[in-house]
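This report walks through one protein chain, from its overall dimensions down to a handful of residues. Keep the structure open while reading.

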Amino acid sequence: MLAARASAARAASRIARNFATVVDSAGVKVAAADNGEPTSAVTFIVKAGSRFEPKPGVAHALKNYAFKSTDKRSALGTVREAELYGGVLSTSLSREHLAVTAEFLRGDEAFFVDVLSSYLTSTKFTRYELSELVAPTCEAETSAAFANPATHAVELAHALAFRNGLGNSIFATSGHHLSSEDVKAYAHSVFGSGNVAVVGTGIDPAALEKLLEKSLGNFASSVSPSSSPSKYFGGETRLDAHGGPETVFIGFGTAGAPSPELAVLAAHLDATPAVKWSKSTSPVAANLPVGSNVQSVYLPYSDASLFGLVIQGQTTADVREAGKAAVAALKAAGDLKGEELQKAIAKAKFSAASSLDRRDGVISALGPKILSGSSASLTEAVSSLDKVDASAFSKATASLLKAKPTFVAIGDSKSLPYADELGL
């Protein structure tokens, strides 16, 4: 076990060294590494998440305008050419960042970097594509996400916890009219040098820099979008829903930089067992009714964090019992010390380190650091957990529980428990 940990640490350290150099190319910050992967990937990360949108749903629509008509290609042309090269194009949206990614065979980087660059520099934002392609995709993604009670609960929790800014949903919802001009205006405000970072894996850094200088040579400058500092509020809401498991979200928020102590708390309360089909030794798992589950959630942002527990069961009685067990474990967590604390730290470290084994994990960890101008070390999230001790953990947990809880109930709202009925 110790040998495996040492090997993982060396691998993370090697990745960190390879990504240590961040250079400016065509006005954007670039970090790339070539570790001999059989395929390459390039991601453009833009500070254009839903937190900064001037109108609800604009960021979601902007994400889905990716790979549509540009000055160089039609949407169909982009699909056909990408398939001819055997590559894959994708997008993702968070509350703070928009990411567009191309994954492809080595040697095809010139075409795919040009495709990504064209999205930022020459998308046409046509009205017919909004009505025929973009809006239906947004609607389908929203419907699919909200069909999952856990996802829906987390979205509602953000609105209660932060109201505006981080409280803005990453999904466009009905009732808000958007025009192609709205999306175009938002794109022009965020697509510009100084607001974009590029991360490459399996590609030579020098080659990527040259391609960016060519494709983004006339890239306009852009002022980084601003948002008022996040403030935590909390609150309670209930929603009638049928067809899914009875669901409750219990959460607390904090303002300020992400806290490694909260990552350890999430690991401590995580009821997922280390061995499949076995029962976890988590304090939450010990008192869970059969058929119910509790999932810990820790979502850190640039100036705030949301910590919570998603509790689900087939009946409201199961959710009530599981909720009481979860709240009791949360309140008792502040006394964690010794071997139990070290176990939680090790679990949190593994979660942070294993995320760097995946390209999307590297991108989500590195991109925001580059954009914010902070250290580009990928091992920082892991090494910061080593500094957590019993005193700091107890203080962070106590401070968290002093805040007003964020409570969301989805399902049979008349029978699901209220926050005070669970001991909050």
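The protein chain exposes about 19500 Å². Carbon and sulfur atoms supply 54% of that area. The model is a predicted one.

**Overall build**

How many helices and strands does the secondary structure come to? The protein chain has 14 helices and 11 strands. Its C-alpha trace spans about 60 × 55 × 40 Å along the principal axes. The radius of gyration is 22 Å, which agrees with the value near 22 Å that a compact globule of 424 residues would have. Of the 424 residues, 50% count as buried.

Contacts reach across the sequence. Take the contacts between residues at least 6 apart in sequence: 81% of them join residues at least 24 apart. Charges come to 40 positive and 41 negative.

**Selected residues**

| Residue | Relative accessible area | Class |
|---|---|---|
| L62 | 0% | buried |
| S280 | 13% | buried |
| F67 | 15% | buried |
| V88 | 46% | partly exposed |
| R163 | 49% | partly exposed |

L62 sits in helix α2. Its relative accessible area is 0%, so L62 is buried; the cut-off for that class is under 20%. Which residues does L62 touch, leaving aside those up to four places away in sequence? They are L98, Y119, F125, V183, Y186, A187, V190 and F191. The C-alpha atoms of L62 and G49 are 9.7 Å apart in space, and the two residues are 13 apart in sequence.

V88 belongs to strand β4, which covers residues 88-93. Is V88 buried or partly exposed? At 46% relative accessibility, V88 counts as partly exposed, because that class lies between 20% and 50%. Beyond residues up to four places away in sequence, V88 touches T101, A102 and E103. T101 is 13 residues from V88 along the chain, and their C-alpha atoms are separated by 8.2 Å.

**Two positive phi values**

F67 is not a glycine, yet its phi is positive, near 65°. F67 lies in the loop between α2 (58-64) and α3 (75-85). With 15% relative accessibility, F67 counts as buried.

R163 is likewise not a glycine, and its phi is positive at about 60°. Where is R163 placed? The loop between α6 (149-162) and α7 (180-190) holds R163. R163 is partly exposed, at a relative accessible area of 49%.

**S280 in its loop**

S280 is found in the loop between α9 (260-269) and β9 (293-300). Why does S280 count as buried? Its relative accessible area is 13%, and the class takes in values under 20%, so S280 is buried. A polar atom of the S280 side chain lies 3.0 Å from the backbone nitrogen of S282. Setting aside residues up to four places away in sequence, S280 touches D270, A271, T272, P273 and A285.

Definitions and conventions: Residues numbered from 1 in each chain as written. Predicted model: local features only at pLDDT ≥ 70, side-chain atom pairs only at ≥ 80, totals over all residues. Heavy atoms only, no water. Helix = DSSP H or I, 4+ residues; strand = E, 2+ residues; numbered from the N terminus. Rg over C-alpha atoms; globule rule 2.2 N^0.38 Å. Buried < 20%, exposed > 50% of the residue type's maximum accessible area, 1.4 Å probe, protein only. Contact = heavy atoms within 4.5 Å. Areas by Shrake-Rupley, 256 points an atom, 1.4 Å probe, with all protein chains shown as cover. Lys, Arg positive; Asp, Glu negative; His and termini not counted. Charge placed at Lys NZ, Arg CZ, Asp CG, Glu CD. Polar contact = N/O pair within 3.5 Å; in protein donor to acceptor, adjacent residues only side chain to side chain.
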